[in-house]
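Dear colleague,

Please read the notes with the coordinates open beside you.

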Amino acid sequence: MNSLFPKEKIVFDLPDAEIVYYPNLFSVEKSNELFQKLKNEIPWQQDNITVFGQTYPQPRLTALYGNDGKTYSYSNIVMQPHKWNTLLMFIKNEVEEICPENFTTVLLNQYRDGKDSNGWHADNEKELGRNPVIASISFGAERVFHLQHNEIKECKQKIILEHGSLLIMKGETQHFWKHQIPKTSKPIGTRINLTFRIIR
């Protein structure tokens, strides 16, 4: 990004977690441009999900991009990756300027409105290895990201994920914490989220 000014950075002081938030990795203008391109150019899909024996359409749209055709599995869904495109490579390179990893995969989520959501979970799939680094970019409508410690029940955190922001979770976070994007009854626009990860 080669900015003359360091990006604003918020470090959360939470037990058993390393979580850092950059509210404005991208400018508003750049975020608007990237949001429109992602919305229009990504081949979004809606998979069925099975929870407690009930199958229903997942409450959001998704897409997977990555290296070497490595699949990604969660909640009994196996996703096949598309090959990286120029748009996603640009975003990936900007993320890696801040978070010096070599991300192999990005899972994209489109929350069309407040009825779309992502329930409590941890990004602890075996493909991600121990202590995975997850870098999450948000574009579009702000949504509230909830965190809850698995053992210390009063240990909770809410983060408003802003347009053009970057949230990094690393260290032992996925072993000790779960997170969600809950539904909201407020009238709310579309949010697009890109979670960069490394598949071992």
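Please bear in mind throughout that this is a predicted model.

I begin with the pairing of strand S10 (residues 134-140) and strand S13 (residues 165-170), which run antiparallel and are joined by five bridges; among the residues involved, isoleucine 134 has methionine 169 in S13 as its bridge partner. Both strands belong to an open sheet of seven strands, paired in the antiparallel sense and ordered S1-S2-S13-S10-S15-S8-S5. At its edges are strand S1 (10-12) and strand S5 (61-66), each of which pairs on one side only, and the twist from one strand to the next averages 15 degrees.

Helix H1 (residues 28-41) lies across strand S8 (105-111), S10 and strand S15 (191-197), and runs at about 95 degrees to S10. Helix H2 (residues 86-98) also packs on the sheet, where it touches strand S2 (18-22), S5, S8, S10, S13 and S15, with its direction making about 65 degrees with that of S15.

There is also an open sheet of four strands, in the order S9-S14-S11-S12, with antiparallel pairing. Because strand S9 (118-121) and strand S12 (156-161) stand at the edges and have a single partner strand each, one side of each is left without a neighbour in the sheet; here the twist averages 15 degrees from one strand to the next. Within this sheet, strand S11 (residues 143-149) pairs with S12 in the antiparallel sense over six bridges, and valine 144 has isoleucine 160 in S12 as its bridge partner.

Key:
Residues numbered from 1 in each chain as written. Predicted model: local features only at pLDDT ≥ 70, side-chain atom pairs only at ≥ 80, totals over all residues. Heavy atoms only, no water. Pairing = 2+ DSSP bridges. Helix = DSSP H or I, 4+ residues; strand = E, 2+ residues; numbered from the N terminus. Axes fitted to C-alpha atoms, helices over the stretch in contact; angles between N-to-C directions. Contact = heavy atoms within 4.5 Å.
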